[in-house]
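Please look over the sequence and the structure before reading on.

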Amino acid sequence: MDLAKKIDTINDHPFWPATLFICSSSFEQRCRTIPDAINQNLIEKALVIENENIEQVRDNAQYLRDKFTNKGTNVRTSTADPIKTADSLIKAIKNNISESSPPQQIIVDITTFTHESLLILLNLLIIVNREQDSVILLYNSASDYSIDSPVNEKWLSSGISQVRTILGYSGDVKPIRKTHLILFVGYEFTRASKLIELLEPSTISLGYGKPGTATSEKHEEASEYFHQLVRGMAMKYARVNSFAFSCSDPFDVKATILEKAAEFNESNVIVAPMNTKLSTIGIGLAAIENSHIQLCYAPAVQYNFTNYSLPSDFYYIFKL
Amino acid sequence: MAETRSLKNPFTVTSPEDMPATEAHSLFVDVFTDYPKIRDEGHTFLHGPRGSGKSMMFRYLMPDCQAIENDCGIRELPFYGIYVRIKNTELQITELQRLEGKHASYILNEHFMVTHFAEIVFNALLGECECQIDNENKNNVDSINNFFSGIFERLLLNCGWAKDESYGYPFQSVSDCLVGMYGICNTIYSQVKHYFRKLAFYDDIIPYDGPLCSYLDFLFPLLRELRTLPFLPAGPIFLFIDDADNLSMTQTKILNSWVFTRSSSEVSLKISTQLDYKTFHTIAGKTIDTPHDYSEVNISTIYTSKKNKYLGRVKEIIDKRLKLSNINITSEEFFPVNEKQEEKILKIGQKLREKWNKGEGKGHRPSDDVVRYARVDYIKSRAGSLKSSHTYSYAGFYQQVHLSSGIIRYFLDAAKQMYSEVVADGKDQHIEFIPHNIQNKVSRKKAEEFLFDELGKKRKDQAVTEMDDKLEKLYNLIHALGGLFRKCLLSSRSERKVFSFAFSSQPPDELREVIELGEKYGYFHKSTIGRKDSRSGGRTRLYILSRRLAPIYTLDPTGFAGYLFIKGDFLAEALYKPDSLLRRIKDPDDLEKSVQPQQLRLFQ
């Protein structure tokens, strides 16, 4: 797969034009980065995903709708209602792609989707994907998270209102088996800790970013710091092992998870995505290939709206 | 003095589910005098916060532990316990939301639950085969073969199961038969899970053509007939259903419908919750009630209203753990007080005695005044010109017990951390006590973690969700109550050790909801008190702030303290402007005028 590329070269890539461009609005300014960089003439139709239960996304949702004008369709989802999210995405996909459609070049800016909606979309795209179609995923990395905060004070979100399985990824859980939790921790120390407390796994595999794969140098230092915090906390509850994963290569993440799941094949394997959307795609691909793996999602109660992230000048690209 | 030392942390908390029987049996302290209903025949709900010992009780009641306790085989036990842990994402899968209000939701959910439970039952019995059951005894083998063909298969066929092979019948051993039955249940369970997966991305109704097992048609008669097997007790089957809060609303109603059947002389359901059980309605819209349908135990209520019970229990547990770790000293010696501080408090106590003897006391006896005022007077003296109330030490076994607020896990967690810190200091390989400064440091840190980790970062931004809004109000309420109780402590009123409140007037719904949320998170416990005034009589609800928060507001956590009667509207202001409310009470002695119209009553 391609490494990070400069955002100002995005229009030069041979994957254009897109018959369908999908992006998600957000309170993060990164939701605008790739749409702003794209030549609008290279897009035939666009879907703008909007979480209707989060007020802080509305301004950017309007901005994106205005950008795509009559090419764009708003798709309303909800972090509180995964069935609504799925049904809205299904309807939007069906309206644009059918069995008799000409070959589709679907391009998705995955940057600011929620983990849950991204995984649902991924599953849907794989279901509808025909041999003649292409699905390309784009990701704008962040130059900083929890802007300007020192590492030990960084926070992106906090609190867990509930834990639920992700629609389409319920796994094959057997009641007599122990639980093995695979956790990809980024900055979300308190939520990861709470998740461990709620799920009470017997064993945990804690992922930390492989050196050199972070989407920015700043993230490497933070990744190590938070990994140690979660590890210390997790050891109160379960036997913990740590493993390295690539923060920027979803196919590497997929392989890592499949390997971990095989290692713990006598347990119910649950994976919780809490790192970059690139790693989340890898998690989704692994769970689709190994349907015994269950994916779970814990919606946050609070977000660091004003200082969540800063866009970088780079994007990542890969083909499903 | 200890004879030998081990650096294995004596306070490690192992999940009871993973604990071997010998360990569970050796660690367990008998609490059933507090909760006799749990061991009796009959459905029971056991409510208590996480860490209060519910799972450990269930573990102890499992056949392997009971066999050790009673020194007998499982056949001789008075009941046969099967543990069913409801894990967070096992039964409550998102796909099931597709069925809500539409299509056979109750039937399919019940089938899912029943087959889930059936797998656990057969797996539990298979575990007995390893050590408790004579696997190849002819009588046992014949009996289980008869059970397989006469009961198990018959029940399944009546539920629409399509038998397509012999599954190895007739079986040559008990374990082979159990494996066969487990395998069939597993196939049926997998079939329905596969069906649910198909629902994920389809809004239309997808037909289900597998068997449908219900509690009354399958699980209950299966369990009832299991009792007739010669290697199992003749007494009732107890299903220990742990963490039933993790069921969905539909599944909770289904479980309630099982309770409603009142079949408890044969199968008793022992259901634990973490105070977040969704409903007591059944699928038919009726409610299950206590004591007709079930008995109920609330651990928090027992341990926050009975003065010395919890203290006694913790001492037993800690003494036992120390002994098992070859640390042959008492809990009090292992968690010593801050001697300098306690000497000062003792001197204050002596002065109070002298004062009482001169006729200037307030209590009935001099010891009443000492218990009530010595420690709080010391804390108050630090707050005055010294302005060093933050130096008050929470060291000492009794303070640590009180800080744990009725939840044994909190004590163990803190103790474990203290022990680890002493080990990390590395000064002494033989740990005979936890230094008071470490006890105090860990207690204060735990208090902050308890408040701030759970309630997240307090910001001035608008709440994004209703939950976020409620959590902010909860934080404000706790802040206001902590401040109020602190003002009580600093005042000259007769009862200064205050940790609870009751409403003198109806609180608004908003306040009530926030308090309920606080109870769910463990910041409050509920109890009741008798109204001694003649106007209303009866009992009223008492809300007790978790003593884990005492270090944040430098409150005295010891003893069972008094309470405030507060007007509902007064406290409702705290949800929005806690600081402004506290600022209005300029003089701590002005407290009563501001807070309540009635004279403060003592707890006892």
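How many salt bridges does the rule find across the interface of chain A and chain B? Across this interface, 6 salt bridges are found. The model discussed here is predicted. The points below treat the interface and then the nonpolar cores.

**Extent of the interface**
- In chain A, 51 residues are in contact with 44 residues of chain B.
- About 4,000 Å² is buried between chain A and chain B, and carbon and sulfur atoms give 49% of this area.
- Within chain A, the residues that lose the most area to chain B are A:P175, A:I176 and A:Q302, which together account for 16% of what that side buries.

**Polar and charged pairs**
- One salt bridge joins the side chains of A:K178 and B:D18, at 3.0 Å from N to O.
- The rule also finds 12 residue pairs in polar contact across the interface of chain A and chain B.

**Makeup of the chain A side**
- Elements of chain A that give two or more residues to the side touching chain B include α3 (82–96), α4 and α5 (189–199), together with strands such as β12 (268–274).
- The largest share of this side, 5 residues, comes from α3(A).
- By class, this side has 26 nonpolar, 14 polar and 11 charged residues.

- In soluble globular proteins, nonpolar side chains tend to be buried together.
- The largest nonpolar core has 90 residues, of which A:I22 and A:L183 touch the most other members.
- Helix α4 (residues 115–128) of chain A gives the largest share of this core, 7 residues.
- A second, separate core of 76 residues includes B:L91, B:L226, B:I271 and B:Y294.

Methods. Residues numbered from 1 in each chain as written. Chains lettered and ligands numbered in written order. Predicted model: local features only at pLDDT ≥ 70, side-chain atom pairs only at ≥ 80, totals over all residues. Heavy atoms only, no water. Core = buried A, V, L, I, M, F, W, Y, C linked by side-chain atoms within 4.5 Å. Buried < 20%, exposed > 50% of the residue type's maximum accessible area, 1.4 Å probe, protein only. Helix = DSSP H or I, 4+ residues; strand = E, 2+ residues; numbered from the N terminus. Contact = heavy atoms within 4.5 Å. Buried area = accessible area lost by both parts, 1.4 Å probe. Salt bridge = Lys/Arg side-chain N within 4 Å of Asp/Glu carboxyl O. Polar contact = N/O pair within 3.5 Å; in protein donor to acceptor, adjacent residues only side chain to side chain. Nonpolar A, V, L, I, M, F, W, Y, C, P; charged D, E, K, R; others polar.
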